[in-house]
Amino acid sequence: MDAHVEKDAADVADGRPTPPADASPDAPPDASADALRDPSADSPTDTPDASHAPDTAHTAGRATTGIMALSMPYQVVLAVALAVVGVFACVHLAMVFLHVAPSNTLTKRHGQAVDDWVYPEFEQNWKLFAPNPLQQNISVEVRAEVATADGSRTTGWIDLTAQDAAAIRHNPMPSHAQQNELRRAVDFYLNTHSDDHSPSGLRGRLSEEYMRRIAMLRLGDLPGDVKRVQLRTASRAVPAPKWSTEKIDTAPSYRDFPWWPVTDADRPTGADRGHTEAGR
């Protein structure tokens, strides 16, 4: 009896668990410890892992941001708007591609529709690049023969291109007429006339009328009755940059157009009305 008590005290002292009293002496040393261990501790599937739990708060937050945060009517409107923008972008790219592409079956059949889409807002001009970059500044000038109460006189040269440049400068949205009207009119005239200013057919006559009417629009404030107008082009070479040693002659060269008599059809409405009242 005393020996058994002393043995239990020794087991408690060295930290070893006390085996049950009815344990068999032939049992392995760790049999009692294995029997006392919780079997569920060895099964990883029985214990929920917090790291794998779904983040319901984050998922709910994502569902309430962006397009999904809008109500169904707004989602439909936004989807339709995006579809319209996408279709417009595709059509525009296709039209511009057909405009700059070589002649093909589509441009031969639908060339007018392509031109109607591109001109004048989306015109493509490749003169900035090779093979022939612009190397001159060309301005258009006009003078007029005016009849007044003191007789007739000829005005000095008026730089129409300088007027357009002044209107464009510091203007974030200049008009298409200010940017291209004179340039296109002069190109139209030069392409339909010979070097001695002889018109080639009806288009040449039409270009002369176009130039006269542009001039009369710009000369509407002149006192007196405009009888004739004359235009000319002044070409000046683009000067070399300051860091360049190249010497370029920037003196202007002129090409004078003929004197054209002004008809009533060439006068703008206001000038025509004033001319009629003066005749009375």
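This is a predicted model: local features need pLDDT of at least 70, side-chain atom pairs count only at pLDDT 80 or more; totals for chains, interfaces and linings use all residues.
**Exercise 1. Find which residues join Tyr189 in an aromatic cluster, and classify the pair it makes with Phe257.**

Tyr189, Phe257 and Trp260 form one aromatic cluster.

Step 1. Count the pairs. Rings pair if their centres lie within 6.5 Å. By this rule there are four aromatic pairs.

Step 2. Classify the pair of Tyr189 and Phe257. The ring centres are 4.4 Å apart and the planes stand at 25°. Planes under 30 degrees apart count as stacked, so the pair of Tyr189 and Phe257 is stacked.

Step 3. Tyr189 belongs to helix 7 (residues 176-191), while Phe257 is in the loop between strand 5 (253-256) and strand 6 (260-261). With 68 residues separating them, the pair links distant parts of the chain.

Step 4. Check the burial. Buried means under 20% relative accessible area. Tyr189 has 0% and is therefore buried; Phe257, at 3%, is buried too.

**Exercise 2. Determine which rings have the charged end of Arg228 or Arg232 over them.**

Step 1. Start with Arg228. Its charged end sits over the ring of Trp259, 4.5 Å from the ring centre.

Step 2. Go on to Arg232. This residue lies over the face of Tyr254, and the distance to the ring centre is 3.9 Å.

**Exercise 3. Describe the largest nonpolar core and the surroundings of Val142.**

Step 1. At least two core residues come from each of strand 1 (136-148), helix 7, helix 8 (201-218) and strand 4 (225-237).

Step 2. Look around Val142. Beyond its neighbours within four places in sequence, Val142 is in contact with residues including Trp157, Ile158, Leu160, Ala215, Leu219, Val229 and Leu231.

**Exercise 4. Work out which strands pair with strand 1, and in which sense.**

Step 1. Take strand 4. Strand 1 and strand 4 are antiparallel, with twelve bridges. One of the bridge partners is Ala237 in strand 4, which faces Gln136.

Step 2. Take strand 2 (residues 151-154). Four bridges join this strand to strand 1, again antiparallel, and Ala147 has Ser152 as its bridge partner. Two residues lie between strand 1 and strand 2, and the two strands form a hairpin.

Step 3. Take strand 3 (residues 158-159). Its pairing with strand 1 is antiparallel over two bridges, and Glu141 is bridged to Asp159.

Step 4. Just after helix 6, His170 takes a positive phi of about 65°.

**Exercise 5. Decide whether Thr233 is buried or exposed, and list its contacts.**

Step 1. Locate the residue. Thr233 is part of strand 4.

Step 2. Apply the cut-off. Buried means under 20%; Thr233 has 8% relative accessibility, so this residue counts as buried.

Step 3. List the contacts. Apart from neighbours within four places in sequence, Thr233 is in contact with Ile138, Ser139, Val186, Ser253, Tyr254, Arg255 and Phe257.

Note on methods:
Residues are numbered from 1 along each chain as its sequence is written. Side-chain values use heavy atoms; hydrogens and water are left out. Rings of Phe, Tyr and Trp (its six-membered ring) pair if their centres lie within 6.5 Å; planes under 30 degrees apart count as stacked, over 60 as edge-to-face and the rest as tilted. Buried means under 20% relative accessible area, exposed over 50%, partly exposed in between (1.4 Å probe, protein chains only). A charge sits over a ring if NZ of Lys or CZ of Arg is within 6 Å of the ring centre and within 35 degrees of the ring normal. A nonpolar core is a set of buried Ala, Val, Leu, Ile, Met, Phe, Trp, Tyr and Cys residues joined through side-chain atoms within 4.5 Å. Contact means heavy atoms within 4.5 Å. Two strands pair if DSSP finds at least two bridges between them.
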